[in-house]
Amino acid sequence: MDHLATASLTSLWDEVSGIQPDPDLWVVVATLVAALAVVATRGSWRIARNAITIAHEGGHGLVALLTGRTLTGITLHSDTSGLTVSRGKPHGVGMILTAVAGYTAPPLLGLGGAALLAAGRITLLLWLATALLVALLVMVRNAYGVLTVVVTGGTFVLVSWLAGPQVQAAFAYAVVWFLLLGGVRPAFELQAKRSRGGAGDSDADQLARLTHAPAGVWFFLFHAVSLCSLIGGARWLLEL
């Protein structure tokens, strides 16, 4: 019995970690165009931005844990805003890294996803994304946030288990393109909102208070990370 269980786990791991064939170039380009359309169109962006918020708040939460802070909870709101609460020193490296992680998480996740796709690890990417969403769900503290994460995670599960290799590849590429492209827009939106006198307690403002460096320095960092991730990820995905 133990031998069968071990064999099944080995078989499952081989399936998850195995290399899948790259999709045709037209699929990669089509998913790029689709993701760009979603990010550039106001109506679709207002809905799809929830996924960027999930990655944003998840980045705060993960780095808070990695730096020794106590993660209290995460809330996700229907206006695509979110809040991650952690306990620990209100200053220092841990708090700074936690604050930086929000706007940098979506593009960096996209870059990591592009690296996996470039290596042919399509199934592994889908399973890792599902595992991260399940871990995030444990920390979500409001009904809308739970619904958003469950719907997103459920989509990954359905594609992972029921879809064929071509659909899985197209879905994985679309997700990664969306993270890379969608990771660029929020920092620009935040800057525009601050120029109108809003968002006075943004991540950039918190970092300015924590480090005494101007908020503009942190906006530069957010833009640099997102644009460099987009360029690097595009090179991998398009095999340039």
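Q: How many salt bridges turn up in the whole structure?
A: A search of the whole structure finds four salt bridges. The model is predicted, and side-chain atom pairs count only at pLDDT 80 or more.

Q: Which residue does Glu189 pair with?
A: Glu189 forms a salt bridge with Arg185, and their closest N and O atoms are 2.9 Å apart.

Q: Where do Glu189 and Arg185 sit?
A: Both lie in helix H8, which covers residues 185-195. They are four residues apart, about one turn of the helix.

Q: How accessible are Glu189 and Arg185?
A: Glu189 is partly exposed, with a relative accessible area of 24%. Arg185 is also partly exposed, with a value of 25%.

Q: Which residues are linked with Arg185 in a network?
A: Arg49 and Glu189 are linked with Arg185 in a network of salt bridges.

Q: And what does Arg194 meet in a salt bridge?
A: The side chain of Arg194 meets that of Asp205, with an N to O distance of 2.8 Å. Arg194 belongs to helix H8 and Asp205 to helix H9 (residues 203-211), so this pair ties together parts that are 11 residues apart in sequence.

Q: Buried or exposed: what about Asp205?
A: Asp205 counts as buried, because its relative accessibility is 11% and the cut-off for buried is under 20%.

Q: What is the N to O distance for Arg209 and Asp201?
A: The side chains of Arg209 and Asp201 meet in a salt bridge at 2.5 Å, N to O.

Q: Staying with H9, which of its residues are buried?
A: The buried residues in H9 are Asp203, Ala204, Asp205, Leu207 and Ala208.

Q: What do they pack against?
A: The buried residues of H9 pack against helix H3 (42-66), helix H4 (93-118), H8 and helix H10 (215-238).

Q: What follows H9?
A: His212 follows H9, and its phi is positive, near 65°.

Q: Changing topic to the strands: how many bridges join E1 to E2?
A: Six bridges join E1 to strand E2 (residues 82-87), and the two run antiparallel. Leu76 stands opposite Gly82 in E2.

Q: What do E1 and E2 form?
A: They form a hairpin with five residues between them. Thr80, in the turn, has a positive phi of about 70°.

Q: Why is E1 described as largely enclosed?
A: Five of the seven residues of strand E1 (residues 70-76) are buried, so the rest of the structure largely encloses the strand.

Q: What does Thr75 touch?
A: Thr75, in strand E1, touches Ser81, Gly82, Leu83, Arg141 and Asn142, not counting residues up to four places away in sequence. Thr75 is buried, with a relative accessible area of 19%.

Q: On to the largest nonpolar core: which members touch the most others?
A: Of its 38 residues, Leu117, Leu126, Val149, Val176, Trp177, Phe178 and Leu237 touch the most other members. Helix H2 (25-40), H3, E1, H4, H5, helix H6 (143-162), helix H7 (165-182) and H10 each supply at least two residues of this core.

Q: Which element gives the most to this core?
A: H7 gives the most, with 10 residues.

Q: What is Leu117 in contact with?
A: Leaving aside neighbours within four places in sequence, Leu117 is in contact with Asp22, Ile122, Leu125, Ala172, Tyr173, Val176 and Leu237. There is also a second, separate core of 13 residues, which includes Tyr103, Ala204, Ala208 and Ala215.

Q: Where does Thr123 lie?
A: Thr123 lies in helix H5 (residues 122-139) and counts as buried at 11% relative accessibility.

Q: Which residues does the UniProt annotation "transmembrane region" cover?
A: According to the unreviewed UniProt entry, the annotation covers residues 25-45, 92-109, 115-137, 144-164, 170-188 and 217-238.

Q: How far apart are the ends of residues 115-137 and 170-188?
A: The end C-alpha atoms of residues 115-137 are 25 Å apart, and the chain there is 87% helix and 0% strand. For residues 170-188 the end C-alpha atoms lie 28 Å apart, with 89% helix and 0% strand.

Note on methods:
Residues are numbered from 1 along each chain as its sequence is written. Side-chain values use heavy atoms; hydrogens and water are left out. Buried means under 20% relative accessible area, exposed over 50%, partly exposed in between (1.4 Å probe, protein chains only). Two strands pair if DSSP finds at least two bridges between them. Contact means heavy atoms within 4.5 Å. A nonpolar core is a set of buried Ala, Val, Leu, Ile, Met, Phe, Trp, Tyr and Cys residues joined through side-chain atoms within 4.5 Å. UniProt positions are given in the numbering used here, feature names are shortened, and annotations may be inferred rather than shown by experiment.
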